[in-house]
Amino acid sequence: MLDVRRMQVLRAVVNSGSVSAAADNLGYTPSAISQQLGVLEREAGLPLFEKAGRGLRPTEAGTMLAERAGKLSEILTETEAELAERRAGRTGVLRVRFFQSASVALIPPAVAGFRARCPDVRLDLGMREDGLLEQLVEGAVDVGVFVVGREVPSLNGVRVTHLVDDPYRLVLPEGHPLCAEDPVDLGRLAEESWVQESLTEGPCAESLQDAFAAAGITPNVTLEPDSPQSAQGFVAAGLGVSLIPRLGLDPIHPNVAVRSLRKPEPVRRIHVAVRESVARLSSTRILLDALSEAAG
């Protein structure tokens, strides 16, 4: 394997015309320069200089290596400059994944705020719920926004921090007797039919299970919609009531009423996870600030 530093010594000798001149320019002794050239010749397996009168001149192989050393120097300079830009958060790509309802009211304003401050950093955006944490650990994703259940996950090489508590809101059909109340005690809903996403598994289900248990009720779920928007449609048709996170209520169906809850107020805990390898980048910190501002 050729040593890049020795190639730069060779380049200095070729450009300056002698070992002594290169030694003066580099701050080495002539013997140190000669030793470096000797090692490089052994690495190359070819003579790099030949005698020309009292001096030396590069062989064809020596000239080629000196030219390549110049190109390598340019590449290294460009690479160092690009790394400095990335460290400063002015260039690069951040791969960001998030759950579906975050794409409505949380991610869009955060992205807009980020782009205003980092216009040259590209955000690779995508919705991902299943397998998001695994992708973070594997390095396929840089930043992930996700919902936490009863326990905050501990991930190797990933920082996990709390972003915001997203309270659930009660969605009622227009004209429902409880529309006159705000907030509504969760226990008052014991006899209602429910239009509710799955309560059997997942972090959102854990939050709702705990809230229903605290209120002493077991919801009679008659429909399991696949999104907050479809849940609102079923509620508007008078088929039940639903709990929907605040961030999932944009837009609000014209034929429903939205009320806050208490005793208790269910919340889903939203966290952000960042790979350690990008956590110190200025662009990452700016993105996290933009997410916090949008969550607020």
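Predicted model: local features only at pLDDT ≥ 70, side-chain atom pairs only at ≥ 80, totals over all residues.

Begin by colouring the protein chain by its domain assignment, which gives domain 1 as residues 4-88, domain 2 as 93-164 together with 269-295, and domain 3 as 166-267. If you then display domain 1 and domain 2 with their C-alpha centres marked, those centres lie 46 Å apart.

Next, select helix H6, residues 107-117, and helix H11, residues 282-295, whose axes come within 8 Å and cross at roughly 140 degrees. Angles over 145 degrees would count as roughly antiparallel, so the two helices, H6 and H11, are classed as oblique to each other. The crossing of H6 and H11 is right-handed. To see the contact itself, show the side chains of Ile 107, Pro 109, Ala 110, Gly 113, Phe 114 and Arg 117 on H6, and on H11 those of Ser 283, Ile 286, Leu 287, Asp 289, Ala 290, Leu 291, Glu 293 and Ala 294. Sorted by class, this contact of H6 with H11 has nine nonpolar, two polar and three charged residues.

Finally, select Asn 220, which lies in strand E9, residues 220-223. Is Asn 220 buried, partly exposed or exposed? Its relative accessibility is 43%, and Asn 220 therefore counts as partly exposed. Asn 220 and Trp 194 are 26 residues apart in sequence, while their C-alpha atoms are 5.8 Å apart in space.

Methods: Residues numbered from 1 in each chain as written. Heavy atoms only, no water. Domains from an automatic or database assignment. Helix = DSSP H or I, 4+ residues; strand = E, 2+ residues; numbered from the N terminus. Buried < 20%, exposed > 50% of the residue type's maximum accessible area, 1.4 Å probe, protein only. Axes fitted to C-alpha atoms, helices over the stretch in contact; angles between N-to-C directions. Parallel < 35°, antiparallel > 145°, perpendicular 65-115°, else oblique. Left-handed = near helix turned anticlockwise from the far one by under 90°. Contact = heavy atoms within 4.5 Å. Nonpolar A, V, L, I, M, F, W, Y, C, P; charged D, E, K, R; others polar.
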